[in-house]
Amino acid sequence: MRATRRSLLTAFLSLPLLDAAKMRAFAQAAPQLALTRSCDDGDGPTLQREAGPYFKPDSPLDRDLHLGSPGGERITVAGFVFDNGCRPLPGSLVEIWHADENGEYDRDGFRLRGHQFTDVQGRWWFNTVVPALYPGRTRHFHFKVQRPGGSVLTTQLFFPGEPGNADDWIFDDSLLLAVNRTSDGQFGRFDFVV
Ligand SMILES: [Fe+2]
């Protein structure tokens, strides 16, 4: 049976924490999930990227952003927030904003904008839609991540296999989501290191 977004999220949320932090047992616990970069692979903190012109403060506390774009292709994006010692960071702010299925940002309201705080194991997830392309950019999500009391990481996450990645000067392959296609959309994983 083909995985669903929910089954992959359940697999992600049932990972033993220590193993999850090291990513070793991840492939055993959830073999259908692609591996993402590890916090201990020597790459250091997640790369900063510009916020761009469409950030708005005061986004709602909300992880079910797809409700505002019922026509979009569904994607669940999930991951940990780690410090650079692979320790999960509970209570970290994770904020997302992105274009809709037509490549447009909501500049009047807060559609496809939201934030949450990582759970006791340092995990976050959003249920949203796949952003469409807009002129001049490859496909991407915008994020801000802030550990409790820490400075804000502003960055962007990208999709593997996008033809536009090579031509987008903001793109970096260390910011690629690990994406699985499921029977009801996509599941993307990325672990922030701050
Ligand atoms: Fe953007």
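A residue is called buried when its relative accessible area is under 20%, exposed when over 50%, and partly exposed in between (1.4 Å probe, protein chains only). The model is predicted, so local features need pLDDT of at least 70 and side-chain atom pairs count only at pLDDT 80 or more, while totals for chains, interfaces and linings use all residues. Residues are numbered from 1 along each chain as its sequence is written, and side-chain values use heavy atoms, with hydrogens and water left out.

By the accessibility criterion, Gln186 is buried, at 4% relative accessible area. Gln186 sits in strand S8 (residues 185–189), strands being DSSP runs of E with at least two residues, numbered from the N terminus. The Gln186 side chain forms a polar contact of 3.2 Å with the side chain of Glu73; such a contact is a pair of N or O atoms within 3.5 Å, where within protein one must be able to donate a hydrogen and the other to accept it, and residues adjacent in sequence count only if both atoms are side-chain atoms.

Turning to the metal, the iron ion has as protein donors Tyr105 (OH), Tyr134 (OH), His140 (NE2) and His142 (NE2), at 1.9 to 2.1 Å. Donors here are N, O and S atoms within 2.8 Å of the metal (3.2 Å for Na, K and Ca); water is not among the atoms, so sites may look incomplete. The donor residues follow the spacing Y-x28-Y-x5-H-x1-H. Tyr105 belongs to the loop between strand S2 (93–97) and strand S3 (113–117), and His142 to strand S5 (residues 140–146), so this pair ties together parts 37 residues apart in sequence. Tyr105 is buried at 10% relative accessibility, and His142 is buried at 2%.

Technical notes:
Helices (H or I, at least four residues) and strands (E, at least two) are DSSP runs, numbered from the N terminus.
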